[in-house]
Amino acid sequence: MTNTVRFTKMHGAGNDYIYVDTFRYPIANPEEKAIEWSKFHTGIGSDGLILIGYSNKADFNMRIFNADGSEAMMCGNGSRCVGKYVYEYGLTEKTEITLETLSGIKTLKLQVDKGIVIAVTVDMGSPVSTGSVLFGDEFPYQSTQVSMGNPHLVTFVEDINQIDLPEIGPKLEHYPLFPDRTNVEFAQIIGKDKIRMRVWERGSGITQACGTGACATAVAAVINGLASRKSEIIMDGGAVTIEWDEVTEHVLMTGPATKVFDGEITFS
Ligand SMILES: N[C@@H](CCC[C@H](N)C(=O)O)C(=O)O
């Protein structure tokens, strides 16, 4: 028997996922499909798979699978694209939407112009600082660990162009200190409110941007006295604005959400 699934390819600052409305197309084995469909040469090509579905606690539910099939707790760029998807495909008329994720319920505020969602602000909740790491001779870095629901290791360097991310990224992702693996960010302070960041994502490798990674980087910069509470994080595929609210301690992420194309995939 063959199955056909309609999907939408979307990206947030270049971080691209395949989005499936599981109200219409339930996916029985998302881990396998994430691996198969994310492949660039033999699949659709993406950083992973995002399922939009029913929630009895919020307006919608989001599940995120990396390109290696592992499920993550949260996806910042993905949550903005889910906001655009549910609004533009008529699943809701709301411009303030609650989204259930494995890392709790997030609130999305959509900026809409003539029916098109041009930007989304996500209340990402409170970050958890999980300490700093001083690596030995192998890696000459002091890094800051921040959890945004998912784990991030942020390292500030003088010159980000000197970092060989394809070489060091996987080594840090799998470093024995991190039994659940980690996302890896290298960042350079450009000014008190501007940070350049590159990311090696757990389960997907180098991506053009990472929303939770941008939040973790902004928080780590504040913790280390390197930046103010509101900063622009410039990644390979685009920028997001991160504000770590002094009163609520919540992190607010604002950035773009872009549709690339709709498609249909048939499999047996
Ligand atoms: N790209 C995402 C994060 C996706 C999950 C991550 N790779 C993990 O395994 O924790 C984002 O925009 O936050």
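Arg63 is partly exposed, because its relative accessibility is 32% and the class lies between buried (under 20% relative accessible area) and exposed (over 50%), judged with a 1.4 Å probe on protein chains only. Its side chain meets that of Glu71 in a salt bridge, 2.9 Å from N to O. A salt bridge here is a side-chain nitrogen of Lys or Arg within 4 Å of a carboxyl oxygen of Asp or Glu. Glu71 is also partly exposed, at 31%.

This is a predicted model, in which local features need pLDDT of at least 70 and side-chain atom pairs count only at pLDDT 80 or more, while totals for chains, interfaces and linings use all residues. Residues are numbered from 1 along each chain as its sequence is written, and side-chain values use heavy atoms, with hydrogens and water left out.

The structure holds 16 salt bridges. One of them joins Lys94 and Asp59, with the closest N and O atoms 2.8 Å apart. This pair links distant parts of the chain, 35 residues apart. Lys94 sits in the loop between H2 and strand E6 (96–101), and Asp59 in the loop between strand E3 (48–53) and strand E4 (60–66). Helices (H or I, at least four residues) and strands (E, at least two) are DSSP runs, numbered from the N terminus. Lys94 is partly exposed at 40%, and Asp59 is partly exposed at 24%. Another bridge pairs Asp113 with Lys114, at 3.9 Å from N to O. Here Lys114 is exposed, at 78%, whereas Asp113 is partly exposed, at 39%. Elsewhere, shared partners join Asp68, Glu173 and Arg181 into one network of salt bridges. Within it, Arg181 bridges to Asp68, the closest N and O atoms being 3.2 Å apart.

Now the overall layout. The protein is assigned domain 1 (3–123 + 255–267) and domain 2 (129–249); such bounds come from an automatic or database domain assignment. Their C-alpha centres lie 23 Å apart. The contact takes 19 residues from domain 1 and 18 residues from domain 2, where contact means heavy atoms within 4.5 Å. About 1,200 Å² is buried between the domains, and carbon and sulfur atoms give 45% of that. Buried area is the accessible area (1.4 Å probe) that two parts lose on being put together, summed over both. On the domain 1 side, Ala13, Asn66 and Met74 lose the most area, together 30% of what that side buries. The rule finds one salt bridge across this interface.

Which residues does the "active site" annotation cover? The unreviewed UniProt entry gives Cys75 and Cys210. UniProt positions follow the numbering used here, feature names are shortened, and annotations may be inferred rather than shown by experiment. The two are spread over 136 residues of sequence, yet they cluster in space, with a largest C-alpha distance of 7.8 Å.

Cys75 lies in the loop between strand E5 (71–72) and helix H2 (76–88). It is buried, at 5%. Beyond its neighbours within four places in sequence, Cys75 contacts Tyr17, Ile50, Met62 and Ile64. Cys210 lies in the loop between strand E14 (205–207) and helix H4 (211–223). Cys210 is buried too, at 4%. Leaving aside neighbours within four places in sequence, its contacts include Asn15, Asn77, His152 and Glu185.
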